[in-house]
Amino acid sequence: MSYHYLKEDIGRFVGVVCAVIAYVFFTLLSPLVMGFIIDNVIKGLPLENPIMILIVSMFGGTEVFRENLWMCGALLLAVSVLTGIGMYLRGRGNAFVSENMAQRMRNDLYSHLQVLPYAYHVSARTGDLIQRCTTDVDIIRRFFARQASEIVYSVATTIIAIVILFS
């Protein structure tokens, strides 16, 4: 049933999932970058982490960072900015998808209530109808606004952290 209301925004929901994964990646990359700067650039220890080897090789190697310390600051700034962009896109996408879903649900509920026979409305309790149209829809909206991306966040954090730890 939820997919029926989500299918119009499935592209945005996939975008939210990608933003969450990017947010997690850059959040977990930040300590690696700081460790690289302290251990490999300042202390001169050899670079062993394959993820950092890949990133550093794109910029010309550890020696380039040692000769241009401003690049270390720029790398930290870039990781922080990309983390912030991922967090912003996650929040914005969550809000958009969940509000659109709730709007479609409320419209469907309203349309359904309009076609019900008069006898139903006479026998139905008004409080129950209001409860279904407001609170229940809001619970589903809040789930997609918060918990859906939190599930993706938890799984992505676990997977990316395991990859980083074993690298």
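Predicted model: local features only at pLDDT ≥ 70, side-chain atom pairs only at ≥ 80, totals over all residues.
Residues count from 1 along each chain as its sequence is written, and side-chain values use heavy atoms, with hydrogens and water left out. Local features need pLDDT of at least 70 and side-chain atom pairs pLDDT 80 or more, while totals for chains, interfaces and linings use all residues.

View 1. Helix α2 covers residues 10-42 (helices are DSSP runs of H or I, at least four residues, numbered from the N terminus). Its 33 residues should span 48 Å, and the end C-alpha atoms sit 46 Å apart, which agrees; the expected span is 1.5 Å times one less than the number of residues. At F36, α2 bends by about 30°, the angle between axes fitted to the seven residues ending there and the seven starting there. Just past α2, G44 has a positive phi of about 85°.

View 2. L75 belongs to helix α5 and is buried at 10% relative accessibility (buried is under 20% relative accessible area, exposed over 50%, partly exposed in between; 1.4 Å probe, protein chains only). Setting aside neighbours within four places in sequence, L75 touches V33, F59 and F65, with contact meaning heavy atoms within 4.5 Å. The C-alpha atoms of L75 and S30 are 9.4 Å apart, though 45 residues separate them along the chain.

**View 3. V81 on helix α5.** V81 lies in α5, residues 70-115. V81 is partly exposed, at 43% relative accessible area.

How values were computed
Helix = DSSP H or I, 4+ residues; strand = E, 2+ residues; numbered from the N terminus.
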